[in-house]
Amino acid sequence: MTPPTPLLSVNGVAKHYATPVLSDIDLTLSAGEVLALTGENGAGKSTLSKIICGLVPPTLGSLTLSGQPYQPTSRSHAEKLGVRMVMQELSLIPTLSVAENLLLDKLPQRFGLINRRVLHEQAARQMAAIGLDNIDPSAPVGSLGIGHQQMVEIARNLVGDCKLLILDEPTAMLTDREIAHLFVQIAKLKACGVGIIYISHRLDELQRIADRVAVLRDGRLVDVRPMAGVTQDELVQRMVGKTVDEGAGRPRRQAGAVRLAARQLRRGELVQDVDLELRGGEIMGLAGLVGAGRTELLRLIFGADRKEGGELYLDQAATAVTIDSPMAAIRHGIGLVTEDRKAQGLLLNQPIRINTTLANLKPVNRHGWLNQTAELSITQHLADLLRVKCQSVEQPVGELSGGNQQKVVFARWLHRDCNVLLLDEPTRGVDIGARADLYQELDRLAAAGKALLMVSSDLRELMTVCDRIGVMSAGRLVAIFERGQWTEQGLLEACFSGYANLNRTQHAATTHH
């Protein structure tokens with residue numbers, strides 16, 4: 001019996017820039033199959049995906065789609081043929097509404113004008129399909145948190161005919177509830193015969209959703225096998241060639257003196273009367289659903305947003321400190337690793353060297369002139385420490401993979417040597433080997449007496465890394481757990497608790513009226 005024609009065939013594909021980034025890739029994808037694509041940052045996953053979706057041409061090799069030669073000349077060309085990709089970096093237009101972003105190429109019109117009612121109805125149905133029926137279709141995308149923006153991006157790529165869907169780290173900024181909705185949608189697509197390439201560093205997700213797994217290392221395909229029965233340890237060893245210990249079961253670090261205290265910090269409904277203490281020598285985690293106020297709390301502490309009330313105190317001082325801008329925060333020894341590295345964290349067209357030393361020029365300044373020798377030495381040391389994969393520290397940051405860009409953001413604050421470091425999704429898009437490297441740096445900073453506050457949508461990451469975990473829910477800090485006291489279920493219950501209380505309050509108010 002003749003086997004069915006693959007939906008996609010990749011035959012001997014290679015891609016060369018200054019050096020080869022992909023070499024001799026042979027791969028197939030069947031209709032209705034989920035193929036996991038994994039590997040370290042810089043292994044070539046995103047490059048292969050961009051070739052498939054028409055963003056870059058291959059240097060060598062060929063592709064077929066449903067048995068026919070497939071040579072997409074652009075992303076729009078690939079989309080017309082039913083090939084779509086949700087990239088790590090969002091491609092939404094922040095000034096347009098959710099509805100306009102979803103249906104930008106298919107805006108419903110009447111008498112030459114956009115029919116807003118139909119537009120919003122269609123957008124609402126599309127969002128409801130992935131469990132986001134609580135988002136206003138008329139809201140500007142730029143007003144949403146990055147997690148909700150990610151879900152809008154996914155919904156946008158499900159509009160119209162879709163034969164092949166590539167998801168590049170789709171859950172990096174999502175909580176378990178959003179991930180569950182996404183997986184339900186993926187199951188529906190599989191049942192309709194859509195082939196899916198799923199790129200993720202969350203190996204437990206791959207085990208839940210993938211039929212087969214392909215592992216890339218240094219631009220080469222080193223393994224393709226059925227997902228059933230493959231352990232995380234086996235995948236990690238294929239990805240990095242060694243066993244990785246993420247430090248599960250570590251003892252609680254010894255907490256030192258209070259480095260920063262927030263008292264009754266608030267900003268509208270986003271952050272409501274938060275009391276928080278960060279101590280030297282420990283890492284405190286911050287859990288919560290998307291929109292719970294975690295990022296907004298970090299931005300208030302860092303002076304990126306203006307607080308409406310409350311005070312900040314440093315190093316047990318009796319007098320509150322004024323932090324009304326990021327520059328003021330940096331002067332007071334506070335750093336922030338932002339959740340959106342491209343929009344808020346990096347100068348993409350500038351080299352690694354400049355991005356690394358930007359927040360602290362004093363060590364590379366000699367009599368008012370930039371000491372390039374010192375700058376190169378410092379940057380090279382940090383690049384080696386964090387294992388940044390690059391041609392040199394003069395390479396523009398925009399040319400690096402997403403995970404290596406994140407390492408450069410991290411290097412900047414290591415160079416600044418802040419007493420308080422705020423970390424907003426610091427391992428987003430970072431592979432498991434590099435993540436272990438970053439965890440070691442967090443350990444080193446804590447051992448040096450620094451106070452760290454870390455937001456993550458991955459509860460297991462917080463449970464692995466942190467000494468305490470605070471939970472934000474509906475803008476409030478509803479609970480703080482000590483290491484040894486928490487369970488994943490307890491943390492999740494706390495994440496939902498503020499919304500349950502809010503719903504009860506709203507119901508009581510409605511009943512009263």
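A cavity is taken here as a set of grid points where a 1.4 Å probe fits but cannot get out, and its lining residues have an atom within 4 Å of a point. The model is predicted, and by this rule it holds 3 cavities of 30 Å³ or more. The largest cavity has a volume of about 60 Å³. Its lining consists of Thr 175, Asp 176, Ala 287, Gly 288, Leu 289, Arg 294, Ser 456, Ser 457, Leu 459, Leu 492 and Cys 495. By class, these lining residues divide into 5 nonpolar, 4 polar and 2 charged. The second largest cavity contains about 40 Å³ of space and is lined by Trp 413, Leu 414, Cys 418, Leu 421, Leu 445 and Lys 450. In this second lining, 5 residues are nonpolar and 1 is charged, with no polar residue.

Strand pairing was examined next. Strands of a sheet pair through backbone hydrogen bonds, either parallel or antiparallel. In the model, 3 strands form an open sheet in the order E14-E13-E16, and the pairing is antiparallel. Strand E14 (271-279) and strand E16 (309-314) stand at the edges; each has a single partner strand, so one side of each is left without a neighbour in the sheet. From one strand to the next, the twist averages 5°. Strand E13 (residues 258-267) is joined to E16 by 5 bridges. Within this antiparallel pair, Arg 266 has Gly 309 of E16 as its bridge partner.

Helix H1 spans residues 45-52 and is mostly covered, with 6 of its 8 residues buried. The buried residues are Lys 45, Thr 47, Leu 48, Ser 49, Ile 51 and Ile 52. Gly 54 follows H1 and has a positive phi, near 85°.

Positive phi also occurs at residues other than glycine. Glu 169 has a phi near 50° and is placed in the loop between strand E9 (164-168) and helix H6 (176-191). Its relative accessible area is 5%, below the 20% limit, so Glu 169 counts as buried. Asp 218, likewise not a glycine, has a positive phi of about 55°. Asp 218 lies in the loop between strand E11 (212-217) and strand E12 (220-226). With a relative accessible area of 56%, over the 50% limit, Asp 218 is therefore classed as exposed.

Terms used:
Residues are numbered from 1 along each chain as its sequence is written. This is a predicted model: local features need pLDDT of at least 70, side-chain atom pairs count only at pLDDT 80 or more; totals for chains, interfaces and linings use all residues. Side-chain values use heavy atoms; hydrogens and water are left out. Buried means under 20% relative accessible area, exposed over 50%, partly exposed in between (1.4 Å probe, protein chains only). Helices (H or I, at least four residues) and strands (E, at least two) are DSSP runs, numbered from the N terminus. Two strands pair if DSSP finds at least two bridges between them. Axes are lines fitted to C-alpha atoms, for helices over the stretch in contact, and angles run from 0 to 180 degrees between N-to-C directions. On a 1 Å grid over the protein atoms alone, a cavity is a set of points where a 1.4 Å probe fits but cannot get out, and a pocket is an open set with protein on both sides within 12 Å along at least five of seven lines; lining residues have an atom within 4 Å of a point. Grid points are joined across faces, edges and corners, and a volume is the space filled by probe spheres set on the points. Ala, Val, Leu, Ile, Met, Phe, Trp, Tyr, Cys and Pro count as nonpolar, Asp, Glu, Lys and Arg as charged, and the others, Gly among them, as polar.
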